[in-house]
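I opened my notebook to work through one chain. These entries record what I looked up, in the order I took it.

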Amino acid sequence: MPVVRNTTNEVLDLVRADDGPPVVLVTGWAGSGRSTVLAEVRAVLRAEERVVTGVRLTRDGVPVGVHDDGSPPPRGNGHVPVPFGPAAGAHDDPAVARRAAAATAAWVTGRDAVVVVDDAQWMDADTVAVLEALAHRLTGTSVHYVCAIAMPGPEPLRAVGLPALERLRARGLVATVRVPGLDADQTAQVVRDTLGAVPTPELLTWVRGHSRGLTAVVAGAAETLRHTDRVRLVSGHAYLVPDAHAEPGPDTAAALQENVRRLGPRIWRTATVAAALQPAGSALPGLLATALETTAEDACDRLAELRATGILHRRSTGRWQFIVPLLGAGLRAALGPYERRVLATLVVRAVWDGRATLDRPALADLVVLAGRLLPADRAYDELIAAGSEAVPGVVPRREERWWAAAIELAGTAAERLRARYEFIRAAERAGDADASLAAIREMLDDETIPHPTRHALYPVLVLGLHSAGDTAELDAIATGPAPTLWEVDDATRAICQVIARALRGRWGAAYALLNLTRPHWSAEPTTREMGELIEWVGDLFAGRVPATDAPSVLDGEPTVLDPARIRYRAQWAIASLVAMGDVRGAREVVRRSGLAEAELVPQHRAVFALLEGRPEASELAQRAIADPGSHMFEIGRASFYQQFTGLMVVRGQLTAARQTIASARGEVPVLSHLLDMVEGVIDLGLGDLATATARVEGALDQARGESLLVGADLLLCLLVQIDVICEDFERARLRAGELDEVAAVLGTPRALLHASFGRAMAHADADETAECLRIARDTGQEFDGAQLGMRLARMGLVEADELLRIYAFYERIDAPLARYWTRTAMEISGVPVPGRSVTKAENERLLGQLLTEGLTNRQIAHVLGSSEKSVEGRLGRLFSRTGYRSRIELAAALLEGTYDH
């Protein structure tokens, strides 16, 4: 660890110096690595053939564990060679201190020893007096005492030791070397090594805040996140899941816990109970006295002991806080389950009595823990208040826990029914499909549940089956009256079958059934809303209604459309318009619905950024995959993955894009032909035109078979490009004509953009090229506009100023492969490439990126539009210059972030 190595070197420099001080103090918080520094100092000095003697002090100041690396000293005089320790009366009588120091100095100087003392914070007054006298005695010798002291240190050290050390410091007889916490870069490296992924800033902030950068805790903090399901790995990055279910286990901050245990049973007991009572803030001393059945004075003394040993400190506000928060979590987890409940009850009652203050979510968490040890009616009300006040989707996992506890505390059937229903909704928002399904099935098996509620649950059940991957039951529902639906009315059965067919990618069959069963589902308010939404989406995707009608989805009677329903309808409209590539239309729905950016589902926030070509697009997309939130049917998911993997392609992440698509296919049966388009782009980039053509034509046939026009423009656009590459210009013009027909029906900005592109490419028309790029600018389709512009530029159809604009855009979104392709087009067109000084480094990094994708030299040659021999030459020069000996070494350096050439 860099921090330890740096500190070790600093200590060694002092020990080796001819005029170095006889005493070197190594200070730092518990867990900072002081003992590790001592061990490294000892190992280095032993390698230099110095005699090193070690000793550790117990909490009572008794030296134990004496070990010596030199030959045994003569023992004829009966002297026991303990190189450090107290002499009775030394503090009160300087003569006693000097005699003890003289005896010890005679032994250590005769051996030219270095004495390392661990846990020197436990020095009593007599030991401090001997050390002070010894420092004077050893001046001018090569003997050194290296003492590790945990700060802030107990009372004897502060009262007696600090003044003595100040006197020694004034004479130049002592030097202090502090072991610092890890800085941000060092912490990031430890977390990366632990998780095997680059931590995001939020995750890194969490680790540093909860570990205080202590060497012994940072890796444990990362492991805690992994084991409590609070971290997700996406594309080599580690993302924090803010409110995951699991609590830290009893082995959290194990090294620090062991230090606390070594302080004795009294300290350990106080620390564990204080950890559970810490949320009480300034009320902690009184509650501690109650919990330990002791006096208020003794409770204060106990807290003072925790402060003295560096475990706890009191803020200026009066609130008590563990110096290392993860230590508090580990100590709390070390308590038994029942005792944690009892202590949580004490804190909750203190809040209710006005002795302590907590925010609503924190109080609700403690109510969940206390459970029936609290008055059920008041605890239920507390949880209901927390759940009702929570902003949907902000803390869904905590909401899920609150409603689950409310079910157990409900006093009436009506209260229990509400809690059960809200639990299902919270579990859905949290993405907990299994919990949601189990709760729905339990309610459906309960004959006391009212029929309207039961019928409302069946569509949610169908959506949950999709999220849980239960395709067998979904297929049974889609094709006929599955056992799950035996007891439902015709309206609910019809809607459930429609949803199931759509979820299985059978959109045409879903729409046909919707029309056939209209008399049933339109007769009931609940099913009518769902049916009308599905019908509108089907008409939109088939081009039967214009995208401009999307805001009308939000219309309705105010008494019917409460904020939750508006949000629900808005999400459907946004997802549908996103799938159509209509950025501005989707933005208008957001405005009309009154939704803030933070209230959008993560995938919607990400896809807006992707379509608009914002620099943060990739980061938002990875976050959306790491923590997608709701597990319910998201019709825009295919478009999200299409846009994200499209960005990956222009960054040179071809294999990673394929892997992401393969993973997405397991959850995106609806509009999956959008993913085929990206795979076709990858096939084309790797020079496999036959596979690309077959794939894209198959996807187009699939969409037509389901009566879907959405995405047809994307597929036809790619086919026009393939035809031109194959010099089949007649077919390219026919496809361009099909694009015109699609654009005339859909009328969306993206369809119009692609129709213009088709005409420009099929006819090599410079004027149409300019029109295509104008449409992209005017309609806010920056990413698609740059993609199409780059393809046209390779035909020499794009003007210099547009080429420079495209080149700058790809720099903004960090797309090195697209920048390479654009540079090639610029060179063909005779357009000077700006920033030539960085081009070589960027080309090298791109080459390395393609290596990490596992591409062969032949595939790389296709991607770069060069020959295999040229690629071999580039790789040879790169290996020669950087010192890497193989593709594997270079790829590993890039993946690990150690490539710096």
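**Entry 1: two helix pairs.** I began with α15 and α17, which are oblique to each other. The model is predicted, and I kept that in mind throughout. Helix α15 covers residues 360–370 and helix α17 covers residues 396–409. I found that they pack at an angle of about 45°. Angles under 35 degrees would count as roughly parallel, and roughly perpendicular starts at 65, so this pair falls into the oblique class. The two axes are 9 Å apart. I noted the crossing of α15 past α17 as left-handed.

Which residues make the contact between α15 and α17? On the α15 side I listed Pro361, Ala362, Ala364, Asp365 and Val368. On the α17 side I listed Arg398, Arg401, Trp402 and Ala405.

I then turned to α21 (residues 471–479) and α22 (residues 490–503). Their packing angle is about 125°, and their axes are 8 Å apart. This pair is oblique too. The crossing of α21 and α22 is left-handed. From α21, Leu474, Ile477 and Ala478 take part. They meet Cys496, Gln497, Ala500, Arg501 and Leu503 of α22.

**Entry 2: the chain as a whole.** I stepped back for the totals. The protein chain has 901 residues, and 55% of them count as buried. I counted 44 helices and 11 strands. The C-alpha atoms fill a box of roughly 110 × 80 × 40 Å along the principal axes. I also looked at contacts between residues at least 6 apart in sequence. Of these, 66% join residues at least 24 apart.

**Entry 3: the cores.** Nonpolar side chains tend to be buried together in soluble globular proteins. I looked for such groups here. The largest nonpolar core holds 281 residues. Which members touch the most others in this core? They are Tyr145 and Phe541. Helix α34 (residues 712–725) gives the largest share of this core, 10 residues.

**Entry 4: a three-strand sheet.** I found an open sheet with the order β7-β9-β8 and mixed pairing. Strand β9 spans residues 237–240 and runs antiparallel to β8, with four bridges joining the two. Arg232 stands opposite Tyr239 of β9.

Entry 5: Is helix α28 mostly covered or mostly open? It is mostly covered, with 10 of its 11 residues buried. The helix runs over residues 602–612. The buried residues include Gln603, His604 and Glu612, along with Phe608, Leu610 and Leu611. Just after α28, Gly613 takes a positive phi of about 70°.

Entry 6: I noted two cases. Arg212 has a positive phi of about 55° and is not a glycine. It sits in the loop between α7 (201–211) and α8 (215–227). Arg212 is partly exposed, at 37% relative accessible area. Leu671 is also not a glycine, and its phi is near 60°. Its loop lies between α31 (654–665) and α32 (673–685). Is Leu671 buried or exposed? It counts as buried, because its relative accessibility is 4%.

**Entry 7: Asn857.** I ended with Asn857, a residue of helix α42 (residues 857–864). Asn857 is buried, with 17% relative accessible area; the cut-off is under 20%. Asn857 and Glu872 are 15 residues apart in sequence. Their C-alpha atoms are 7.0 Å apart in space. Not counting residues up to four places away, Asn857 touches Glu868, Val871, Glu872, Leu875 and Arg887.

Notes. Residues are numbered from 1 along each chain as its sequence is written. Side-chain values use heavy atoms; hydrogens and water are left out. A nonpolar core is a set of buried Ala, Val, Leu, Ile, Met, Phe, Trp, Tyr and Cys residues joined through side-chain atoms within 4.5 Å. Buried means under 20% relative accessible area, exposed over 50%, partly exposed in between (1.4 Å probe, protein chains only). Two strands pair if DSSP finds at least two bridges between them. Axes are lines fitted to C-alpha atoms, for helices over the stretch in contact, and angles run from 0 to 180 degrees between N-to-C directions. Angles under 35 degrees count as roughly parallel, over 145 as roughly antiparallel, 65 to 115 as roughly perpendicular and the rest as oblique. A crossing is left-handed if the near helix is turned anticlockwise from the far one by less than a right angle, and right-handed if clockwise. Contact means heavy atoms within 4.5 Å.
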